[in-house]
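Open the model in your viewer and keep the selection tool at hand. This tour goes stop by stop, and each stop tells you what to pick and what to look for.

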Amino acid sequence: MLPATFKLCAGISYRHTRNMTGLSKNALVAICHEIHRLSGPEPSSWISQVRRRSSFLSSRFEEAEGYSEEEMAYKRQGEDALQKAISILSEQDGWTTEITATNGDRVLSKGLPDIGKVFKLEVMLDQPPDSLYGELVDNMEQMGEWNPNVKKVKILQKIGSDTMVTHELSAETPGNVVGPRDFVSVRCAKRRGSTCFLAGKSTQHPQMPEQRGVVRAENGPSCIVMKPVAEDPNKTKFTWLLSIDLKGWIPKTIINKVLSQTQVDFANHLRQRMDSNVSLDVVRTC
């Protein structure tokens with residue numbers, strides 16, 4: 001299966017956008033305003049709030065000083081991925097069930113113009129969003145230790161507190177049905193109120209050109225949303241939107257099965273990791 005992190009990749013901005021100096025100093029606050037009030041009890045509530053506040057054309061930008069043109073380009077890419085992913089998640093119609101697990105985990109999919117097929121994992125986890133955010137963002141490079149679908153995650157560059165460029169290398173699937181893939185991704189991590197986000201899409205970085213013998217796949221827009229359950233804030237409604245192009249000559253039926261199963265596997269591996277962390281904490285306090 002493929003690394004769970006691949007959903008989080010980020011893509012390069014259009015050339016004409018990179019050359020627009022009027023935007024080079026203004027991007028970060030747009031998303032901050034967009035997701036400031038994402039504490040409503042229902043998914044449709046926070047999504048609609050984001051959509052109403054998400055237009056770059058209508059938002060009032062604040063100055064983002066201290067970043068180079070290159071750094072601001074990466075920031076725009078990550079924020080653009082977050083906007084697009086939330087827009088996709090806001091569309092409630094047209095989703096088809098791919099997998100429904102016995103524990104209630106489920107994966108849905110739909111086809112989108114200009115993007116292709118996207119997958120959405122919906123699960124409930126027995127940890128608060130802050131704990132999950134810490135594992136998936138703060139401990140991102142440790143993912144290969146607990147997710148067998150991932151060989152390596154390396155942070156190539158950090159830009160401020162919420163943007164980073166990463167390189168991810170996947171493990172091959174059983175039987176090598178899908179060989180190793182790698183991704184260069186820009187990631188946008190946000191915490192607004194009690195809701196946490198991790199979004200991104202494919203990009204390019206001078207430190208990581210394409211590697212010989214490894215297929216460079218593409219990803220995004222993708223996003224993880226971690227929102228506390230209204231009845232129990234120590235539990236999390238975990239949603240993962242995955243959009244990915246594996247490249248190569250792989251039948252779509254195999255790709256669909258691999259990607260949807262990867263999402264289910266990721267949820268199980270993440271549960272085991274978090275349970276292990278809790279056990280270690282208990283031992284340390286004894």
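Is phenylalanine 266 buried or exposed? Select it: with a relative accessible area of 0%, phenylalanine 266 is buried. Keep this residue on screen, and take in the whole model before moving on.

**Stop 1: the whole chain**

This is a predicted model. Colour it by pLDDT. The protein averages 80, and 73% of the residues score at least 70. Among the elements, strand E10 (residues 222-229) has the highest mean pLDDT, 97. Helix H1 (residues 15-18) has the lowest, 39. Now select residues 1-63. Over this stretch the pLDDT is below 50. Beyond near neighbours in sequence, the stretch still has 167 contacts in the model. Where pLDDT is low, the predicted coordinates should not be read in detail.

Switch to cartoon. The protein has 8 helices and 11 strands. Of its 286 residues, 53% count as buried. Consider the contacts with a separation of 6 or more: residues 24 or more positions apart account for 66% of them.

**Stop 2**

The protein has 3 aromatic pairs. A pair of aromatic rings is described by the distance of the centres and the angle of the planes.

Take phenylalanine 238 and phenylalanine 266 first. Their pair is tilted, 6.2 Å centre to centre, with 40° between the planes. Phenylalanine 238 lies in strand E11 (residues 232-245) and phenylalanine 266 in helix H8, so the pair ties together parts 28 residues apart in sequence. Both of these phenylalanines are buried.

Next, pair tryptophan 240 with phenylalanine 266. This pair is edge-to-face: 5.1 Å centre to centre, 70° between the planes. Tryptophan 240 lies in strand E11 and phenylalanine 266 in helix H8, so here the parts tied together are 26 residues apart in sequence. Tryptophan 240 counts as buried, at 0% relative accessibility.

**Stop 3**

Which residues touch the most other members of the largest nonpolar core? Select Leu136, Met226, Phe238, Phe266 and Leu270: they do, in a core of 38 residues. Helix H8 (residues 252-285) gives the most to this core, with 8 residues. In soluble globular proteins, nonpolar side chains tend to be buried together.

**Stop 3: helix H6**

Select residues 129-138, which form helix H6. The helix is mostly covered, with 7 of its 10 residues buried. Those seven are Pro129, Leu132, Tyr133, Gly134, Glu135, Leu136 and Val137.

**Stop 4: charges and polar partners**

The charged end of arginine 191 sits over the ring of tyrosine 133, 4.5 Å from its centre. Then go to tryptophan 95. Over its ring sits the charged end of lysine 120, 4.2 Å from the centre.

Select lysine 190 next, in strand E6 (residues 181-192). Is lysine 190 buried or exposed? At 1% relative accessibility, it counts as buried. What joins the side chains of lysine 190 and aspartate 162? Show both: the link is a polar contact of 2.7 Å.

**Stop 5: loops and backbone**

Go to the loop between E11 and H8, where leucine 246 has its place. Leucine 246 counts as buried, at 2% relative accessibility.

Lysine 247 has a positive phi of about 60°, although it is not a glycine. At 31% relative accessibility, lysine 247 counts as partly exposed.

Now select aspartate 114, in the loop between strand E2 (106-112) and strand E3 (116-125). Phi of aspartate 114 is near 70°, a positive value in a residue other than glycine. At 86% relative accessibility, aspartate 114 counts as exposed.

Finish at proline 221, in the loop between strand E9 (218-219) and E10. Zoom in on the peptide bond from glycine 220 to proline 221: it is cis, with omega near 5°.

Definitions and conventions. Residues are numbered from 1 along each chain as its sequence is written. Side-chain values use heavy atoms; hydrogens and water are left out. A nonpolar core is a set of buried Ala, Val, Leu, Ile, Met, Phe, Trp, Tyr and Cys residues joined through side-chain atoms within 4.5 Å. Buried means under 20% relative accessible area, exposed over 50%, partly exposed in between (1.4 Å probe, protein chains only). Helices (H or I, at least four residues) and strands (E, at least two) are DSSP runs, numbered from the N terminus. pLDDT is the predictor's confidence in each residue, from 0 to 100. Contact means heavy atoms within 4.5 Å. Rings of Phe, Tyr and Trp (its six-membered ring) pair if their centres lie within 6.5 Å; planes under 30 degrees apart count as stacked, over 60 as edge-to-face and the rest as tilted. A charge sits over a ring if NZ of Lys or CZ of Arg is within 6 Å of the ring centre and within 35 degrees of the ring normal. A polar contact is a pair of N or O atoms within 3.5 Å; within protein, one must be able to donate a hydrogen and the other to accept it, and residues adjacent in sequence count only if both atoms are side-chain atoms.
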